[in-house]
Amino acid sequence: MKITRFTLPTVMALAGAFCALAPQPLLAQATSTGSGQAYPARPVRVVIAFGPGGIADTIGRLVGQKLHDRFGQPIVGDNRPGAGGALAAKLVAGATPDGYTLLVTTTAIAVNATAVKDAVDPRTQLAAVAITASAPTIFVVHRSVGAKTLLEYVRTTKQGRFNYGTAGVGTTEHLTSEYVFRAMPGLEPTHVPYQGGAAPVIAVAAQQVDLATTTIPTASTFIRQGTLRVMAAASRKRLAALPEVPTLAEAGFADFENASWIAFFAPARTPAAVVKSLNAEINNALRQPDIRDRLTALGFDLQTRSQPEFADYVKSEVAKWVQVIKATGISPN
């Protein structure tokens, strides 16, 4: 498993270029880990729950660079994709709760909490640190597709039998697709799970799968280049970033809204002072013009919440997805 330091520029040829940001003045930290040492006194490992090029990876690297600039310590990124983010969550949940191992993941952790056997419960086994942004779910196809609408493509062009790729089993993109496609008579979708957000997008660009359920930031490079077409958005109203793209309801499917959020977590029992400090620093990073402009241009909706507010939000998200799964009968397993 390749481990990459955030202090080095990360170039993603197919998923967009992510470069190191200009350094900020270092911040002398007085936060204690409980051992009397100032935090952080050594490198911090950030475990990214999905592969390179996806929304978790993008956020982890850009925010990680800012934390390096502020702390003066290396922030070491470690991509550990697998099981819809569950592998990385288990790794971090079992780590020493000292603030030196963090998790970057998505809404998938709230879905997995009660839908997947033995999954990590973010309410009890992790400490919610900070939410960073959300990214609307979209459906993309290769530019060669001649159908005008998503429904025409899957029902007429593909005669109801098609496959679609997502970042993994149990992700909200997976559940959204199952909910939307299986509610339509005559469709027989086949899910193709990948270990990260960039992989299914690349697979559609290479015409290896029919379509991908993904996010604007993950597919932005291909959309700008014209390699991929956005056929629909899982939103109540048209997205400001893609005003020409119909909502699912306009495209002939069930009215459904979904956006994946991206957030930082730490092991449960991490010192409260460390968690609070990390929340403040991550929120501060998101307010910096270079970060804000970069993420907005990629299609992210930035979010900042206090640590208690984010912890309450995680609880509400787990409850929400429990209800979605019960109502639809869909299981991410």
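Strand β10 gives the most to the lining of the largest cavity, contributing three residues. In this predicted model, β10 (211-215) and α1 (55-71) are elements that each supply at least two residues of that lining.

**Cavities**

- A search of the whole structure finds four cavities of 30 Å³ or more, and the largest cavity has a volume of about 130 Å³.
- The lining of the largest cavity is made up of 15 residues, of which those that lie nearest its centre are Ile55, Thr106, Ala167, Glu173 and Gly197.
- Sorted by class, this lining of the largest cavity holds 10 polar residues together with four nonpolar residues and one charged residue.

**Nonpolar cores**

- The largest nonpolar core has 61 residues, and the members that touch the most other members are Leu103, Trp261, Phe264, Phe265, Phe300 and Phe310.
- Strand β7 (residues 126-142) provides the largest share of this core, with eight residues.

**Contacts of Phe265**

- Leaving aside residues up to four places away in sequence, Phe265 touches Leu102, Leu103, Thr105, Ile109 and Pro122, as well as Leu126, Ala127, Ala128, Val129, Phe310 and Val314.
- Two of these contact partners, Leu103 and Phe310, are also listed with Phe265 among the residues of the largest nonpolar core that touch the most other members.

Technical notes:
Residues are numbered from 1 along each chain as its sequence is written. This is a predicted model: local features need pLDDT of at least 70, side-chain atom pairs count only at pLDDT 80 or more; totals for chains, interfaces and linings use all residues. Side-chain values use heavy atoms; hydrogens and water are left out. On a 1 Å grid over the protein atoms alone, a cavity is a set of points where a 1.4 Å probe fits but cannot get out, and a pocket is an open set with protein on both sides within 12 Å along at least five of seven lines; lining residues have an atom within 4 Å of a point. Grid points are joined across faces, edges and corners, and a volume is the space filled by probe spheres set on the points. Helices (H or I, at least four residues) and strands (E, at least two) are DSSP runs, numbered from the N terminus. Ala, Val, Leu, Ile, Met, Phe, Trp, Tyr, Cys and Pro count as nonpolar, Asp, Glu, Lys and Arg as charged, and the others, Gly among them, as polar. A nonpolar core is a set of buried Ala, Val, Leu, Ile, Met, Phe, Trp, Tyr and Cys residues joined through side-chain atoms within 4.5 Å. Buried means under 20% relative accessible area, exposed over 50%, partly exposed in between (1.4 Å probe, protein chains only). Contact means heavy atoms within 4.5 Å.
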